[in-house]
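This report describes selected features of a two-chain protein model. The sequence and structure are shown first.

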Amino acid sequence: MQTSEEFELSRRGVLAGGAASVATVTLVPIGTAAAAAPAAKSPPTAKVAFEVNGKKRELELDTRTSLLDALREHLHLTGTKKGCDHGQCGACTVIVDGRRINSCLTLAVMHEGDKITTIEGLGTPDKMHAMQDAFVTHDGYQCGYCTPGQICSAVAVLDEIKAGIPSHVTADLGAAPAVTKVELRERMSGNICRCGAYSNIIDAITDVAGVKA
Amino acid sequence: MKFDTPATTNPIDQMKIVGKPTNRIEGPLKTTGTAPYAYERHDVAANQAYGYVVGSAIAKGRIASMNLDAARAAPGVIAIVTADNAGKLAKGDFNTAKLLGGPDIEHYHQAIALVVADSFEQARAAASLVRVEYAREKGAFDLAAAIDTAIKPKASFGTEPDTAVGNFAAAFAAAPVQLDARYTTPDHSHAMMEPHATIAAWEGDKLTVWTSNQMIAWSVGDMAKTLGIPKENIRFDSPYIGGGFGGKLFNRADVLLAALGAKAAKRPVKVALPRPLMINNTTHRPATIQRVRLGATADGKLTAIGHESWSGDLPGGGPETAVAQTRLLYAGENRMTAMRLAVLDLPEGNAMRAPGEAPGLMALEIAVDELAEKLGMDPIALRVLNDTQVDPEKPSRPFSQRQLNKCLETGAAKFGWSKRAKPGATRDGRWLVGMGVAAAFRNNLNGPSAARVRLAKSGVVTVETDMTDIGTGTYTIVAQTAAEMMGVPLDKVVVKLGDSAFPVSAGSGGQWGANSSTAGVYAACVKLREAVVQKLGLASDAVFADGKVKAGRRSVALGDAATDGELVAEDKMEYGDLAEKFQQSTFGAHFVEVGVDAMTGEVRVRRMLAVCAAGRILNPKAARSQVIGAMTMGAGAALMEELAVDKRFGFFVNHDLAGYEVPVHADIPHQDVIFLDEADPTTSPMKAKGVGELGICGVAAAVANAVYNATGVRVRNYPITLDKLLGKLPDMV
């Protein structure tokens, strides 16, 4: 439910933008909505410019558009997957300014000037990233739908460990965290794989970490 | 081609390519995000609009009124589909409830409208403006309370609701050692990662849907019936499926509403079910209440085996066939099974990975563990003692192959079973540690399956079949089969799947896909080989190898047979009565070690091993993945998966991936799988069986038995959450 404060905010925003408000319509009692609903107008949009996989992109978007939908529906970068749209599954994981995030939980217009790396930016079928290659070798996937998110997460996880960022299972917060299976499992737990390839995914990441080390 | 006598030697037996742990051929696409799933097909139809589904807010009753004015007036809205304006729609044969509800409502979140708009954001916002007034009716939502109203369901899929051999009641009463226990399994959700999704487009009266579906031909037929148009006017295309587990066997609301939305909007429409809608809108594995009675002699011979199961479904639905395996798994002269079905007004129950056996073994294999303890026997020894090499209900009918004992014994040696101590006796710091075992059992099913193969003058072989790859490895094993048959390397084979324009396959379900679909490819390749030999004027015993066809002293490049134009062959594998003469089943043994926190009761799985005997393994790498994935799902069933039923309003409360907990990385240790060397000549020329469902069968019971061994606490109601252990754990020293 909306608080009255939110209502005021959205109403001001709507008046400023000169557009019909979804919020005002919802408050009209049933039965009178038709009479009260103003003519449909375009929702508020905003421009945003960011870099995706090294390429500058400029979009004018409905401000409600998530980064995930900007990638999938506007830039047609469909490698980033929508599994839940609620930050519960990790299929939409991308790397923004070096950190992995759930792209479904952030609005595209919040990323002005950001550098975004998606699965397409890591490698291509002809020139795969080491992590992509390791997932193929270790069969770290089955249906493939969570896979881009797993791989983006895995790449970022190894960077996080390298950067000394601790996790819930890091025993000694004073020491540098190590690439252990327990650390990897903990850090990868935001990426659900219902096909259950976890054992193979951890083998793939360990393999890549070994190569790096 | 008809398969009606056991296979002899054939080109597959070379196993130069089949049977090798090849990487998946579509792997580079899946790992780079370039494999196209249903909702992502921007290229297939221009000007796609977005549909957003509205679900019913009541479980049973009817829509009193629906006000679409505000939604219609919202920005970007093009059309709104409801039962009121959709025209006459029939119900598909594979659906229990209608895919578009209204005015009558059959279950919570049954789709009642689709709002189509220019953008996803607009469609979603407008969908929230649909105003519905309902007349709610009383429904039945509580299985335990409905048990007394449960009736004997009619037989379906060859499953009799009641079976009896000998005199169970007398034998059980007379048995010196008896076990009589009640178990419950909750409702489960498939929770595949890719939501049900479809893009639909009409060209005149012809409909194309790019969708995510396991069974293409079934679903084309059901769509034709639902819409009242000829099957020939419908094309399904489903090359990549982001998980199914039975949840995408049939058409769901996305595909019907996309088709109706596209018609109303007069342009292509794409629809994905929002995650929070999926669990109540689609199907689930129904909860069961089971009673298992085992009677044995003092030395452990089973004399009486009884298994009863109660489950619920919507009117017209079917039972969860949880007693199925009990008819075949162990010897015993006196036996009975029974299933009873109650009407529940919850969402539609239906198949989820290993329907029947998965929940059935969750109960039966705890019961066997309990009986072993009563007998003072090792549970492996008890199972081995009661092995049967014939159908216990019909001893004249042998199993085609049955290596259950070898699975158990191989696993015991590998897992270190001899170190298992008595319950509650093993400590590792704060952890109570225990080991558990359970048998795995799942029948093998074969289905007719067709394929078309094309030979180009480049020597490339292209396979076309409407078979699907739901993560199972179909692309790869189909390619391996064609490569072996035509004597070409794997990279000379192209596989095209999931298009209803291709020959009809067995589809993906019931672990019948791998053996059935590759057998169809085998049949088509036999025809292509005949065409090649004829074209090249070679002897019929020509050898296909190394990209060449050799007969006598002649050796010709395979592609030369296509210099005048592509050679095309199509055939279908069909089956005689070998599956009646022989009981074809797959077997396994699951071993699990758990640690239970002595203070909190938290259960952690520490080790898992599966030993499987499932015919020829076409690709050990992909097959192993199927098994570890199923073990993971089994661990979920044991420890966390449970749809919580709101018994007042009739819906699954935890209807998203935060509320319905499935295993994550941190829950799953390294997993080991051993495949016993087998080739079953009674199943098909491939000599293979299914393995994707075998892997989940028995896992949860193995976990439950391990928890018992760790703690001495027997939990018979899944999932085994810590609240069921607290207060019963051994005293802390």
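Which residues are buried in helix α6 (residues 130-137) of chain A?

## Basis of the model

This is a predicted model, in which local features need pLDDT of at least 70 and side-chain atom pairs count only at pLDDT 80 or more, while totals for chains, interfaces and linings use all residues. Residues are numbered from 1 along each chain as its sequence is written, chains are lettered from A and ligands numbered from 1 in the order in which they are written, and side-chain values use heavy atoms, with hydrogens and water left out.

## Helix α6 of chain A

The buried residues of α6(A) are A:Met131, A:Gln132, A:Ala134, A:Phe135 and A:Val136; buried means under 20% relative accessible area, exposed over 50% and partly exposed in between (1.4 Å probe, protein chains only). Helices (H or I, at least four residues) and strands (E, at least two) are DSSP runs, numbered from the N terminus.

After α6(A) comes A:Asp139, with a positive phi near 55°. The side chain of A:Asp139 also forms a salt bridge with that of B:Arg24 (2.7 Å, N to O), a term for a side-chain nitrogen of Lys or Arg within 4 Å of a carboxyl oxygen of Asp or Glu.

## Interface of chains A and B

In total, five salt bridges are counted between chain A and chain B. Chain A contributes 65 residues to the contact and chain B 71 residues, where contact means heavy atoms within 4.5 Å. The two chains bury about 5,400 Å² between them, 59% of it on carbon and sulfur atoms; this is the accessible area (1.4 Å probe) lost on putting the two parts together, summed over both. A:Gln142, A:Arg194 and A:Tyr198 supply 16% of the area that chain A buries against chain B, more than any other three residues.

## A sheet in chain B

Chain B contains an open sheet of five strands in the order β19-β20-β28-β29-β32, with mixed pairing; two strands pair if DSSP finds at least two bridges between them. Its edge strands, β19 (427-428) and β32 (671-675), each pair on one side only. Strands β28 (residues 585-597) and β29 (residues 603-613) of chain B run antiparallel and are joined by 10 bridges. B:Glu593 has B:Arg607 in β29(B) as its bridge partner.

## Backbone features of chain B

The peptide bond from B:Gly102 to B:Pro103 is cis, with omega near -5°, and B:Pro103 lies in the loop between β4 (77-82) and β5 (104-105) of chain B. B:Gln511 has a positive phi near 50° and is buried at a relative accessible area of 9%.
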